[in-house]
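Open the model in your viewer and keep the selection tool at hand. The stops below move from one selection to the next.

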Amino acid sequence: MKNYQGLKAGDMAITLGYYSVGDTRHAKYRIVSGSFTDDGGNFHKLSNNLFAKLVATNIVFPEWFGAKGDNSTNDHDAIVNCLNSGYKEIHFSRKTYIIDSKLELSNINGLIIEGNGAIIKDIEPTPIIEDGVSIEFDNCNNCTIKNMIF
């Protein structure tokens, strides 16, 4: 999608995957003009200087923000971007996501994280996350994490 020159503002685009066709993380985007930051999730900068804006209900996936969950790639930034995207429900796949530092969330209300058996673990064999805490909520209310292993 990023390199396709035929897209213009107002068009809708549906991808068949995030990294490759059939990787189960297809998404729908509206093509828009303006000044946005390519965050790998909500907005993707296209080669024609337009942006593809994610069109989602309330459910998003870390893979839409660049996470791989392949037990080797550092998925920290992609997961943080997903958690801070403003969407109220985040579904992980039953994969192993690697992070190099604590996931910190501030001022978020009503977030539901459905882990589906996902594993979040340190990138290093020895713990680098302070006090064994992988995720920290600051001034957050009514947030739920289900079916996730840290």
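**Aromatic rings and the core**

Select F92 to begin: this residue is buried, because its relative accessible area is 3%, under the 20% cut-off. The model is a predicted one.

How many aromatic pairs does a search of the whole structure find? The count is four. For another of them, select F36 and F43. Their ring centres are 4.3 Å apart and the planes meet at 10°, so the pair is stacked. Colour the two by accessibility: F36 is partly exposed at 33%, whereas F43, at 15%, is buried.

Next, show the largest nonpolar core, a set of 34 residues. Within this core, the residues with the most contacts are L54, V60, I79, L83 and F92. Which elements each supply at least two residues of the core? They are the strands β2 (28–32), β4 (51–55), β8 (96–99), β9 (103–106) and β10 (112–122), together with the helix α1 (76–83). The top contributor is α1, which gives five residues. As a general point, nonpolar side chains in soluble globular proteins tend to be buried together.

Apart from neighbours within four places in sequence, L83 contacts I90, L103, L105, I108, L111 and I113.

**The segment before β1**

Now move to D11, which sits in the segment before β1 (12–14). Display its side chain and the backbone of K8: the D11 side chain reaches the backbone nitrogen of K8 at 2.9 Å. Then show the surroundings of D11. With residues up to four places away in sequence left out, D11 touches G6, Y29, R30 and I31.

Is G6 buried, exposed or partly exposed? It is partly exposed, since its relative accessible area is 42%. To finish, draw a distance between the C-alpha atoms of G6 and N48: the two residues are 42 residues apart along the chain, and the separation is 8.9 Å.

Definitions and conventions: Residues are numbered from 1 along each chain as its sequence is written. This is a predicted model: local features need pLDDT of at least 70, side-chain atom pairs count only at pLDDT 80 or more; totals for chains, interfaces and linings use all residues. Side-chain values use heavy atoms; hydrogens and water are left out. Helices (H or I, at least four residues) and strands (E, at least two) are DSSP runs, numbered from the N terminus. A polar contact is a pair of N or O atoms within 3.5 Å; within protein, one must be able to donate a hydrogen and the other to accept it, and residues adjacent in sequence count only if both atoms are side-chain atoms. Contact means heavy atoms within 4.5 Å. A nonpolar core is a set of buried Ala, Val, Leu, Ile, Met, Phe, Trp, Tyr and Cys residues joined through side-chain atoms within 4.5 Å. Buried means under 20% relative accessible area, exposed over 50%, partly exposed in between (1.4 Å probe, protein chains only). Rings of Phe, Tyr and Trp (its six-membered ring) pair if their centres lie within 6.5 Å; planes under 30 degrees apart count as stacked, over 60 as edge-to-face and the rest as tilted.
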